[in-house]
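Here is a short briefing for a first look at this protein. Start with the sheet, then turn to one residue and the aromatic rings.

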Amino acid sequence: MYRYFGELLTRGAGGVLASGATASAVDSVLPASASLLRYRGYSQAVDQDDDPNFFNMVEGFFDRGAAIVEDKLVEGLKTRETPEQKRKRVRGILKIIKPCNHVLSVNFPIKRDNGEWEMIEAYRAQHSQHRTPCKGGIRYSPDVCMDEVKALASLMTYKCAVVDVPFGGAKAGVKINPRKYSDIELEKITRRFTVELAKKGFIGPGIDVPAPDMSTGEREMSWIADTFATTMGHYDINAHACVTGKPISQGGIHGRISATGRGVFHGIENFINEAAYMSQLGMCPGFQDKTFVIQGFGNVGLHSMRYLHRNGAKCVGIGEMDGNIWNPKGIDPKELEEYKLTHGTIVGFPNATPYEGSILEAECDILIPAASEKQLTKSNAHKIKAKIIAEGANGPTTPEADRIFLERNIMVIPDMYLNAGGVTVSYFEWLKNLNHVSYGRLTFKYERDSNYHLLMSVQESLERKFGKHGGAIPIVPTSEFQERISGASEKDIVHSGLAFTMERSARQIMRTANKYNLGLDLRTAAYVNAIEKVFQVYYEAGLTFT
């Protein structure tokens, strides 16, 4: 079905182009014309200075998707209402989906190690409760503001919908530079913020479940879980499900640390192996002989690099805030990771040379912005040499840059799909915490014994047929079967579930792009999918007190 769709798309595009059709017909297959760009609502999303308010930027992308899918939603309503009443209902629900439902702003004091007191500013935004609990990370950054957490919370709603994870969207941010605080001070801040969230009903296993984000990880999530479980969640047996991304000893799950980077790899894999899209880009399917550049060598960048490297792609450049490195022969991810752990930076890595200029504009096949938002703008969009832009970060592309990439026939794999690996595996961890048992524990022995009995049955059948004249007939399992003979481990289940989720979601995006003649506009296709799913929940649940 996956490949069949690809063949259909290729034949559809080729048939129109080869038949000498009119320009309008060609545009319907490869829609990069100015008229179609206007039809998709770019004018509403674009800031002429190309430094749009982040939340308005996300809303602009939402409006593009909503404009395309509105008529279909109206047609799909099976009610006795008039067409005008149906349209009002659809537009009403779309208005409900779009804004952020709740935003909590807190300020609290901490005592620094030197005896001074400092006020800490922090936020938590809940975009949607169409599904509960809400889900979204906590970041520590001096650039945190209310607009940013609202934008990221709204992205989380659509991201969860795209990959069919039943959560609403949320996000939190603490306005600090974590490098300027000691571990003791960071623990104080994290625990106090947890209490503030709990006091206001912004954290809980069935209410709102945070996760790691920029400058936070297992350690901070463990502090959050412990604080909630020993205070507001003291009587809740599911208290440790209040947060995901925890260490294994605290109820975490194998594979969570690498989940976002692994999801980035699977997302790229699903599109780069699709011949229809690669033919539009003038590239051959597969990772072999493909080069890639990563901006941001954090958790997402590192693990994306690892999996791409293992599958035959070559990393030629890495960019960080303090410098860029370049090696056209390839950079080994393990060597670079060890160098950064030792030196605290990638600058000076012996197996690469410094790269002057913007690493985003370097020569490569795949560009992975995995740092922060609004990195690709109209000022550098014309200079990008990559044919595939894989958004590992949230919101790295402005609407104006997105339009330019479409005009230049560059494929952008959108953030709301590509970096959804983290929330997908967080969902698995949350379910594990609610079930109070690790995946596979109840079936390991049964599956191992069943497989050995199967091998014995095959051996006995062969011996009955051919006899034992030359001795017992050996049945030797292959190395692949031997590895799986005891059944799936927790890590196996997580990796398999993530790969399936990313593949299924990619197929949905491809079908939507084909259905609405969106060509390479995968972002709009992803938003259309998300809007349809969230709309369906609101519509079927009904609206009360209106």
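This is a predicted model: local features need pLDDT of at least 70, side-chain atom pairs count only at pLDDT 80 or more; totals for chains, interfaces and linings use all residues.

Strands are DSSP runs of E, at least two residues, and helices are runs of H or I, at least four, numbered from the N terminus. Two strands pair if DSSP finds at least two bridges between them.

- Strands β7 (residues 314–320) and β8 (residues 323–326) run antiparallel, joined by 4 bridges.
- E320 has G323 in β8 as its bridge partner.

**Residue N433**

- N433 belongs to helix α16 (residues 421–435).
- N433 counts as buried because its relative accessibility is 8%; buried means under 20% relative accessible area (1.4 Å probe, protein chains only).
- N433 touches N238, H240, A241, V243, K246 and G251, leaving out residues up to four places away in sequence; contact means heavy atoms within 4.5 Å.

**Aromatic rings**

- F61, F62, Y158 and Y527 form one aromatic cluster. Rings of Phe, Tyr and Trp (its six-membered ring) pair if their centres lie within 6.5 Å; planes under 30 degrees apart are stacked, over 60 edge-to-face, the rest tilted.
- Y427 and F428 are both buried.

**Basis**

Residues are numbered from 1 along each chain as its sequence is written, and side-chain values use heavy atoms, without hydrogens and water. Local features need pLDDT of at least 70, side-chain atom pairs count only at pLDDT 80 or more, and totals for chains, interfaces and linings use all residues.

Note on methods
Buried means under 20% relative accessible area, exposed over 50%, partly exposed in between (1.4 Å probe, protein chains only).
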